[in-house]
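Colleague: I would like to learn how to read pairings and surface features from a model. Please take me through them one at a time.

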Amino acid sequence: MSRQKNSLTDVSAAVIDSLEFSRQGRVISGEVAVAALGRLADIVVEPVGSLHCTLRGLPGEQRQDGKPGLALEVTGSLKFRCQRCLQM
């Protein structure tokens, strides 16, 4: 089965059928603005920049349990304030 790759600039608006996505072994990747992630933006010191995200569909034959699944990889840098001492 060949992997289908879709490249997106902003993956925050992506909507997928997760079962079909997994069965087909599809891959999407792109950027998500930190400011667009409301719950995360509230706890970082400066909600600026973006995170790179890659979502891979894993057909059942690629997993030990034989069931289709998803793997999400997120890379980037965030600056948090320590909740114990309130320093950065």
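Colleague: How far is the sulfur of Cys82 from the closest cysteine sulfur, and in which residue is that sulfur?

Modeller: A disulfide is a pair of cysteine sulfur atoms within 2.5 Å. The closest cysteine sulfur to that of Cys82 belongs to Cys85, at 3.5 Å, which is too far for a bond. The structure accordingly holds 0 disulfides. This is a predicted model, in which local features need pLDDT of at least 70 and side-chain atom pairs count only at pLDDT 80 or more, while totals for chains, interfaces and linings use all residues. Residues are numbered from 1 along each chain as its sequence is written, and side-chain values use heavy atoms, with hydrogens and water left out.

Colleague: Are Cys82 and Cys85 buried, exposed or in between?

Modeller: Buried means under 20% relative accessible area, exposed over 50%, and partly exposed in between (1.4 Å probe, protein chains only). Cys82 is partly exposed at 29%, and Cys85 is partly exposed at 38%.

Colleague: How many salt bridges does a search of the whole structure find?

Modeller: Side chains of opposite charge can pair when their charged atoms come close. The criterion for a salt bridge is a side-chain nitrogen of Lys or Arg within 4 Å of a carboxyl oxygen of Asp or Glu. The search finds 2. One joins Glu20 and Arg23, with N to O at 3.6 Å. Another joins Asp65 and Arg63, whose closest N and O atoms are 2.9 Å apart.

Colleague: Where do Glu20 and Arg23 sit in helix H1?

Modeller: Helices (H or I, at least four residues) and strands (E, at least two) are DSSP runs, numbered from the N terminus. Helix H1 covers residues 18-23, and Glu20 and Arg23 are 3 residues apart in it, so about one helical turn separates them. Glu20 is partly exposed at 33% relative accessibility, and Arg23 is partly exposed at 43%.

Colleague: What are the relative accessibilities of Asp65 and Arg63?

Modeller: Asp65 has 45% and is partly exposed; Arg63, at 30%, is also partly exposed.

Colleague: Which residues make the nonpolar surface patch?

Modeller: Patches are made of residues with over 30% relative accessible area and no salt bridge; like charges are joined within 9 Å, nonpolar side chains (Val, Leu, Ile, Met, Phe, Trp, Tyr) within 5 Å. Accessible areas come from the Shrake-Rupley method with a 1.4 Å probe, and for residues only the protein chains shown count as cover. Here Ile43, Leu78 and Phe80 make a patch of about 260 Å². Phe80 lies in the segment after strand S4 (69-75) and is partly exposed at 39%.
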